[in-house]
Amino acid sequence: MLLDADIKAQLSQYLQLMEGDILLKVSAGTDDVSRDMLLLIDELATMSSHIKVERTELERTPSFSVNRIGEDTGVTFAGIPLGHEFTSLVLALLQVSGRAPKVDQKVIDQIKAIKGEYRFESYISLTCHNCPDVVQALNIMSILNPGISHTMIDGAAYKAEVESKNIMAVPTVFLNGENFGGGRMSIEEILAKMGSGTDASELSDKEPFDVLVVGGGPAGASAAIYAARKGIRTGIVAERFGGQVMDTMGIENFIGTKYTEGPKVAASLEEHVKEYDIDVMNLQRAKSLEKNEFVEIELENGAVLKSKTVILSTGARWRNVGVPGEAEFKNKGVAYCPHCDGPLFAGKRVAVIGGGNSGIEAAIDLAGIVKHVTVLEFAAELKADAVLQERLNSLPNVTVIKNAQTKEIMGTDKVNGITYLDRETEEVKHIELEGIFVQIGLVPNTDWLGEGIERTRMGEIVVDKHGATSIPGVFAAGDCTDSAYKQIIISMGSGATAALGAFDYLIRN
Ligand SMILES: Cc1cc2nc3c(=O)[nH]c(=O)nc-3n(C[C@H](O)[C@H](O)[C@H](O)COP(=O)(O)OP(=O)(O)OC[C@H]3O[C@@H](n4cnc5c(N)ncnc54)[C@H](O)[C@@H]3O)c2cc1C
């Protein structure tokens with residue numbers, strides 16, 4: 001038995017929602033993964049009379065495809081979709097059986113209108129929390145469009161393939177054999193990348209807003225909801241709705257909720273925003289701000305949005321270490337997300353750059369998977385909380401090097417070492433290793449604003465107690481501002497403040 005009793009009980013409830021018969025085509029050998037995969041398929045088939053099974057030979061063994069009777073959908077799982085991919089399996093079974101996927105009709109129409117042959121392959125790990133979104137999006141696209149197919153490939157079951165393609169970060173997506181992209185991607189992002197996005201003129205033709213929020217993280221969502229609740233014309237333009245919480249695993253300080261996960265918070269933010277009459281323009285990046293009669297926000301695609309007030313809530317992004325080799329070896333051994341990419345370094349040697357809370361959490365996490373972790377801290381002492389340092393010190397396969405200034409990340413086609421300066425002895429030292437996790441904090445996403453708005457030395461937008469910036473009518477909230485602390489509830493609170501500040505400004509002007 002591969003599934004425990006709880007999962008079986010849940011699964012059997014879900015399978016009752018199947019709307020028609022489906023055919024699982026199974027390609028299995030005599031290896032252990034094939035044996036477990038066959039056990040899973042047998043269990044599925046005994047749980048629903050809608051599930052038929054046929055043995056066949058597919059491109060990869062072990063793998064199985066999920067099809068309508070008499071029609072291949074192109075949805076294939078190479079490996080066993082348990083762990084974080086269990087939901088992807090359940091959704092594929094339901095959607096292929098005829099249950100409608102939960103996506104907007106506009107998106108469904110966009111997918112159906114795509115012409116041509118698109119063969120997607122996504123490399124994932126079963127512990128990656130960013131992977132299921134990509135797998136599920138590509139599966140929906142395969143189910144809705146006969147020209148699109150998608151195979152999910154579990155890197156742990158296909159180690160040789162992962163090595164030969166030099167895949168060192170998940171999810172990594174290939175389209176028709178070429179690298180298509182990596183990291184968490186929503187269905188809208190995939191469609192935009194395929195050239196099926198919103199027209200610039202459609203955006204420029206919009207009437208001016210009363211409040212236009214730039215950024216769709218916790219601060220932006222909160223600002224938009226507070227503004228819309230005042231009954232004023234509100235829009236929100238975001239490069240990626242959800243913001244940093246999309247990359248966050250467990251959240252234990254979202255007050256009122258003992259434990260939740262980033263993607264769940266992001267989904268409920270989106271759901272809450274959509275409850276109101278808010279014009280959501282996702283996957284649009286702002287490129288400049290100008291104050292004329294209205295505040296004008298120019299987007300990367302050339303469209304210009306006008307508004308009486310603007311709330312900037314563009315958050316922050318991972319800080320790069322900025323040494324030679326970092327950009328060159330990104331996703332080729334240089335990684336930023338230990339939860340996602342840690343399993344790809346199983347049994348290997350890695351370094352974590354940064355001795356703050358996130359660096360030490362990453363080192364503890366990685367020590368359970370990899371052969372050895374070296375922590376490189378620039379300062380003379382680690383900055384992480386004492387409790388984390390104690391836990392770190394108890395681990396046998398971790399070395400901490402303080403006063404270490406990273407100089408270069410080296411490699412050939414992938415990382416093979418790191419060079420640092422010992423700031424005490426002035427000696428340059430080299431460590432041979434296969435992976436580097438950069439964990440040195442965040443930088444505010446404010447470089448696009450130019451010089452017109454007052455910012456701190458760190459680039460954070462200076463705001464007053466109403467969230468107002470140095471430009472009248474322009475407000476700011478969240479991690480992109482000079483607020484002392486950067487947290488979800490703090491961002492949400494400042495988003496609310498900025499919206500109320502903007503409303504006040506509209507009344508007075
Ligand atoms: C790994 C990790 C774990 C964390 N864990 C916790 C935790 O447990 N608890 C907690 O309270 N906080 C946690 N945080 C911090 C928390 O996520 C942030 O404080 C919070 O998300 C900030 O919200 P924000 O809306 O200001 O910015 P962000 O979440 O960064 O959102 C910014 C938004 O602006 C958009 N954007 C950026 N530039 C542009 C542009 N030019 N044009 C248009 N849109 C743009 C982005 O796409 C995004 O939609 C964590 C952060 C990270 C990275």
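Ala, Val, Leu, Ile, Met, Phe, Trp, Tyr, Cys and Pro count as nonpolar, Asp, Glu, Lys and Arg as charged, and the others, Gly among them, as polar. By that scheme, the residues of the shell around the ligand divide into 13 nonpolar, 15 polar and 6 charged. The structure is a predicted model. Its protein chain is divided into domain 1 (5-193), domain 2 (201-317 + 443-508) and domain 3 (334-438).

**Domains 1 and 2**

- Between the C-alpha centres of domain 1 and domain 2 there is a distance of 35 Å.
- Domain 1 gives 6 residues to the contact, and domain 2 gives 5 residues.
- On the side of domain 1 that touches domain 2, helix α7 (residues 187-193) supplies the largest share, with 3 residues.
- Sorted by class, that side of domain 1 holds 1 nonpolar, 1 polar and 4 charged residues.

**Around the ligand**

- The ligand has 34 residues around it, and the ones that come nearest are G215, G217, G243, G315 and G478.
- Two or more residues of this shell come from each of the elements α9 (218-228), β10 (234-238) and α14 (488-508).

**Strands β1 and β2**

- Strand β1 (residues 22-27) and β2 run parallel and are joined by 5 bridges.
- K25 has E54 in β2 as its bridge partner.
- Between β1 and β2 the chain passes through helix α2 (residues 32-47), and this β-α-β crossover is right-handed.

- β3 and β4 are antiparallel partners, with 4 bridges between them.
- In this pair, F64 stands opposite F77, which belongs to β4.
- The hairpin of β3 and β4 has 2 residues between the strands, and G70 in this hairpin has a positive phi near 80°.
- β4 is also joined to strand β6 (residues 148-154), by 4 bridges, and these two run parallel.
- T76 stands opposite T151 in β6.
- Strand β4 (residues 71-78) is largely enclosed by the rest of the structure, because 6 of its 8 residues are buried.

- Strand β5 (residues 118-124) runs antiparallel to β7, and 4 bridges join them.
- E121 is placed opposite F174 of β7.
- β7 is joined by 4 bridges to strand β8 (residues 178-182) as well, again in an antiparallel arrangement.
- The bridge partner of L175 is E178 in β8.
- β7 and β8 make a hairpin with 2 residues between them, and N176 in its turn has a positive phi of about 50°.

**The loop between β2 and β3**

- L58 is located in the loop between β2 and β3.
- Apart from neighbours within four places in sequence, the contacts of L58 are K25, S27, S63, S65 and T76.
- L58 and A266 are separated by 208 residues in sequence and by 37 Å in space, C-alpha to C-alpha.
- P62 is found in the loop between β2 (51-55) and β3 (63-68).
- The peptide bond that leads from T61 to P62 is cis, and its omega is near 5°.

**Other backbone features**

- Most residues other than glycine have a negative phi, and most peptide bonds are trans.
- The bond between V170 and P171 is a cis peptide bond with an omega of about -5°.
- P171 belongs to the loop between α6 (159-164) and β7 (172-175).
- N331 is a residue other than glycine, and its phi is positive, near 65°.
- The place of N331 is the loop between β17 (316-318) and β18 (334-335).
- N331 counts as partly exposed because it has 18 C-beta neighbours inside 10 Å.
- E426, a residue other than glycine, has a positive phi near 65°.
- E426 sits in the loop between β23 (415-422) and β24 (427-432).
- E426 has 7 other C-beta atoms within 10 Å, so E426 is exposed.

Notes
Residues are numbered from 1 along each chain as its sequence is written. This is a predicted model: local features need pLDDT of at least 70, side-chain atom pairs count only at pLDDT 80 or more; totals for chains, interfaces and linings use all residues. A residue is buried if 20 or more other C-beta atoms lie within 10 Å of its own, exposed if 12 or fewer, and partly exposed in between; C-beta atoms are placed from the backbone. Domain bounds come from an automatic or database domain assignment. Two residues are in contact if their C-beta atoms, placed from the backbone, lie within 7 Å. Two strands pair if DSSP finds at least two bridges between them. A crossover is right-handed if, with the strands pointing away from the viewer, the path from the first strand over the helix to the second runs clockwise. A residue is near a molecule or strand if its C-beta atom, placed from the backbone, lies within 6 Å of it.
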